[in-house]
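Visitor: Could you take me through one part of this model in close detail? I would like to see how a pair of neighbouring elements is packed.

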Amino acid sequence: MDVSSKKPIADIIRERRTINFFKPDIPPREAVLEGIELARWAPNHHLTEPWRFYLLSDHIKRQVVDLNTRIVAQAKGEEAGRVKRERWSHIPGWLAMTCIRSSDDLRQQEDYAACCCAVQNLSLYLWDRGIGMKWTTGPVTRADEFYDLIWVDSVVEKVVGLFWYGYPDEVPVSVRKPVSEIVVEL
Ligand SMILES: Cc1cc2nc3c(=O)[nH]c(=O)nc-3n(C[C@H](O)[C@H](O)[C@H](O)COP(=O)(O)O)c2cc1C
């Protein structure tokens, strides 16, 4: 089913924002799966298709929230952990993405780059459907226990990020440098 807005792609790219605060409703799984279907059309040198997506159940979400609370409490104290638990407990949609590891450094770098392109495809598609995302790479995503919770062998795959998604409650404003500051004409 095509539920895209038919907005110009330039508007979707420019208006997409990282969302920190979501409404409580969980977007349909079908939207996320459609986004993943599109994510995999990202450019990918040698077509290794290095991305793997993990849709987190409520049960696993709760375990990730517990794990993050413990990590934050250890680093910053019980109160900081409590605040994180409160915030994380209200995140509606959870998804993790990994990249298959390679012993070849160049392959690994290019595969990670392809994964990032895939994330952007997913993110733009969801945004066009009114669904916001946040890419998180906090300490929890590097913890051995996180790999265990999502049943990933850290020797075989590396976590690219944990992604929250849902309907935005607040859309932040963001700015970018002027093009003239980032372009060099040779
Ligand atoms: C690889 C990567 C990791 C990120 N990790 C985090 C993170 O751990 N915490 C966070 O608040 N934002 C994270 N972000 C989101 C950025 O902070 C965000 O994209 C940036 O502030 C620009 O905002 P925008 O996405 O709305 O344009 C990450 C983005 C990328 C690409």
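**A helix pair, close up**

Guide: Helix α3 (residues 58-76) and helix α4 (residues 78-88) have axes that come within 7 Å and cross at roughly 155 degrees. That crossing angle makes α3 roughly antiparallel to α4 (the term covers angles over 145 degrees). Helices here are DSSP runs of H or I with at least four residues, numbered from the N terminus. Their axes are lines fitted to C-alpha atoms over the stretch in contact, with angles from 0 to 180 degrees between N-to-C directions.

Please keep in mind that this is a predicted model: local features need pLDDT of at least 70, side-chain atom pairs count only at pLDDT 80 or more, and totals for chains, interfaces and linings use all residues. Residues are numbered from 1 along each chain as its sequence is written.

Back to our pair: α3 passes α4 in a right-handed crossing, meaning that the near helix is turned clockwise from the far one by less than a right angle. On the α3 side, the residues that meet α4 are Val65, Asn68, Thr69, Arg70, Val72, Ala73 and Lys76. Their partners in α4 are Glu78, Ala80, Gly81, Lys84, Arg85 and Trp88. Contact requires C-beta atoms, placed from the backbone, within 7 Å. By class, this contact has five nonpolar, three polar and five charged residues. Ala, Val, Leu, Ile, Met, Phe, Trp, Tyr, Cys and Pro count as nonpolar, Asp, Glu, Lys and Arg as charged, and the others, Gly among them, as polar.

Elsewhere, Glu37 is found in helix α2 (residues 29-39). Glu37 and Lys158 are 121 residues apart in sequence and 21 Å apart in space, C-alpha to C-alpha.

How values were computed. Helix = DSSP H or I, 4+ residues; strand = E, 2+ residues; numbered from the N terminus. Parallel < 35°, antiparallel > 145°, perpendicular 65-115°, else oblique. Contact = placed C-beta atoms within 7 Å.
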